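Let's take a friendly walk through a helical model, one piece at a time. Have your viewer ready and follow along.

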Amino acid sequence: QTYHQMGKLDKAIELYEEFIILAKAKLGSNHRDVAIILRSIAKIHHERHDFDKAIELYTKSLDAGRAALGESHPEVASTLNKIGNLHFEQNDYEAALKAYEKGLEVEKVVLDVDHPNISVTLSNIAEIYKHQGKYQYALNLYERVLAIQYKSLGNSDPKIANTLGGMGQIYYQREEYDSSLRVYQEALHIRRALFGDKNLAVAATLSSIGLVLYKQGLLEASLKNFNESMRIRQLLLGRVHADVATIMCNIATIYLYNGDEDKAMSLYKEALTIERKTLGCDHEDVVTTLQLIAHYINRL
């Protein structure tokens, strides 16, 4: 574990595997200690983005944990959720959903109905539904998550802001812009109270609000939010960053809509330069910005 914390991952795996051999010989394969060490090795492979190996080891840990502790145990639920996370990161949403739902079944048996772990699993499932376009299912789960979070965390916690942000995305996709704006503003209020203005989560929320206001035709208010978001990102990330370029393109689009074509082209070109430096010439964001510039030129 010490080597793992020091970043000496190969040495950590070597010692973990030696321990497993000794533990299996003394305790048998289906023992809690074996399950714990398998999870530790799996975590290292996860950190290395060796997803297949991580899933393989988490599955072995799950089998050992079930045999040692029974089906209904918090450690079994935790391992199922870790497997779900790995599938989610690979965009295998069906496999992730299956693992999360199994984990949730266990959590409902062993934990209080308002336990924070349950809200995390519900939120994970909501994320999958959101990615699948099943917006009402996702929204229903986010409402349940919020209820648990408000009860267990109070009214001002980063996790509540994250949930509100997820809801804002769904309302935006459903073109329910008033609702989207409302929850994004709630999230912004929480994040500003917790982190102040110099924070990337604050910048991201301002950008989301800017997009909603743009859709509502409130261009000056949208521009104000985009500019504030860009100022924060430039302060924290530097001027040459892909996220800064994205905001520049949003601002340029508003200038173009308002007929200020010179400002728009200047920003598009600056964004393109940043994207080529930070992402490479073949990145999809570079292609998108080139298309925006070409569309403008074709209008002339």
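How are H4 and H5 oriented to each other: roughly parallel or roughly antiparallel? Before answering, a word on the ground rules. This is a predicted model, where local features need pLDDT of at least 70 and side-chain atom pairs count only at pLDDT 80 or more, while totals for chains, interfaces and linings use all residues. Residues are numbered from 1 along each chain as its sequence is written, and side-chain values use heavy atoms, with hydrogens and water left out.

Now to the pair. Two packed helices are described by the angle between their axes and the distance between the axes. The axes of helix H4 (residues 51-69) and helix H5 (residues 74-89) come within 9 Å and cross at roughly 165°; axes here are lines fitted to C-alpha atoms, for helices over the stretch in contact, and angles run from 0 to 180 degrees between N-to-C directions. H4 and H5 are therefore roughly antiparallel to each other, a label used for angles over 145 degrees. The helices themselves are DSSP runs (H or I, at least four residues), numbered from the N terminus.

Which residues build the contact (heavy atoms within 4.5 Å)? From H4 they include Phe51, Ile55, Tyr58 and Leu62, and from H5 they include Val76, Leu80, Ile83 and Leu86. By class, the contact of H4 with H5 has 10 nonpolar, 5 polar and 4 charged residues. Here Ala, Val, Leu, Ile, Met, Phe, Trp, Tyr, Cys and Pro count as nonpolar, Asp, Glu, Lys and Arg as charged, and the others, Gly among them, as polar.

Stay with H5 for a moment. Its buried residues (under 20% relative accessible area, with a 1.4 Å probe and protein chains only) include Val76, Leu80, Ile83 and Leu86. Their cover includes helix H3 (32-47), H4, helix H6 (93-110) and helix H7 (116-131). Just after H5, asparagine 91 takes a positive phi of about 65°.

Further along the chain, look at helix H13 (residues 242-257). H13 is mostly covered, with 12 of its 16 residues buried; among them are Val244, Ala245, Met248 and Tyr255. Just after H13, glycine 259 has a positive phi of about 85°.

Finally, find threonine 273 in helix H14 (residues 261-279). Its C-alpha atom is separated by 8.6 Å from that of alanine 245, 28 residues apart along the chain. Threonine 273 counts as partly exposed because its relative accessibility is 41%, between the 20% and 50% limits.

Definitions and conventions:
Helix = DSSP H or I, 4+ residues; strand = E, 2+ residues; numbered from the N terminus. Parallel < 35°, antiparallel > 145°, perpendicular 65-115°, else oblique. Contact = heavy atoms within 4.5 Å.
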